[in-house]
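Please keep the sequence and the model in view while going through the numbered points.

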Amino acid sequence: MKKGTVPWDKAYLTKRNNRIYRIQNCNLAIELITKTFDCKVVGIGGIDIVDGRMTADLGIIWQLYRIEALMMVGNQTEEQLVSWANERVELKVKGLKDKSLEDSQFWFSLLDSIDKHIVDHAVVKQKGEV
């Protein structure tokens, strides 16, 4: 994040243990994420983060990760990245929102195609395992 992105004058720094101030700080963070990174954060508020609602947290984290990943590879579009990944693995996906990504097998295969030592398959659960 660039210096000066966070408007510290709007953040509550002295009363961080107060629930209301924590919610307001999280609302400020969500506002910054949506404006700075052009993320789509619908139906998520500061209270969701403060209350530890994992779905909300993971939704925001995933979008930030996606933006960071796209920035790391240069001026590639999501479609170009999916095409590149599909060329490297046997499993195929239509996009980064493809339902088949939920079990992470595509990602494990992609990582394997880059370096066989990244994924410890002894600890990876296969489809259908609990």
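Which residues are buried in α1? The points below begin with the basis of the model and then take up this question.

1. Basis of the model. This is a predicted model, in which local features need pLDDT of at least 70 and side-chain atom pairs count only at pLDDT 80 or more, while totals for chains, interfaces and linings use all residues. Residues are numbered from 1 along each chain as its sequence is written, and side-chain values use heavy atoms, with hydrogens and water left out.

2. Helix α1. The buried residues in α1 are Ile23, Cys26, Leu28, Ile30, Leu32 and Ile33. Buried means under 20% relative accessible area, exposed means over 50%, and partly exposed lies in between (1.4 Å probe, protein chains only). Helices (H or I, at least four residues) and strands (E, at least two) are DSSP runs, numbered from the N terminus. The buried residues of α1 pack against α2 (46-50) and α3 (54-72). Helix α1 (residues 19-36) has 18 residues, which should span 26 Å at 1.5 Å a residue; its end C-alpha atoms are 25 Å apart, which agrees. The expected span is 1.5 Å times one less than the number of residues.

3. Helix α3. With 19 residues, α3 reaches 26 Å from its first C-alpha to its last, close to the 27 Å expected at 1.5 Å a residue. Its buried residues are Ala56, Asp57, Ile60, Ile67 and Leu70, and what covers them includes α1, α2 and α4. Just after α3, Gly74 has a positive phi of about 90 degrees.

4. Packing of α4 and α5. Helix α4 (residues 78-88) packs with helix α5 (residues 105-114) at an angle of about 75 degrees, and their axes are 9 Å apart. Axes are lines fitted to C-alpha atoms, for helices over the stretch in contact, and angles run from 0 to 180 degrees between N-to-C directions. The two helices, α4 and α5, are therefore roughly perpendicular to each other; under 35 degrees counts as roughly parallel, over 145 as roughly antiparallel, 65 to 115 as roughly perpendicular and the rest as oblique. From α4, Trp84, Ala85, Asn86 and Arg88 meet Phe106, Leu110, Ser113 and Ile114 of α5.

5. Nonpolar cores. A nonpolar core is a set of buried Ala, Val, Leu, Ile, Met, Phe, Trp, Tyr and Cys residues joined through side-chain atoms within 4.5 Å. The largest comprises 8 residues: Val82, Ala85, Val89, Val93, Leu96, Leu101, Phe106 and Leu110. At least two residues of this core come from each of α4 and α5. Another core, of 6 residues, lies apart from it and has Ile30, Cys39, Val41 and Ile60 among its members.

6. The loop between α4 and α5. Gly95 lies in this loop and, at 14% relative accessibility, counts as buried. Leaving aside neighbours within four places in sequence, Gly95 is in contact (heavy atoms within 4.5 Å) with Val82 and Leu101. Ser104 is also found in the loop between α4 and α5, and its 26% relative accessibility makes Ser104 partly exposed. Phi of Ser104 is near 70 degrees, a positive value in a residue other than glycine. Most residues other than glycine have a negative phi.

7. The segment after α5. Val119 lies in this segment and is buried, with a relative accessible area of 11%. Neighbours within four places in sequence left aside, Val119 is in contact with Phe108, Leu111, Asp112 and Val124.
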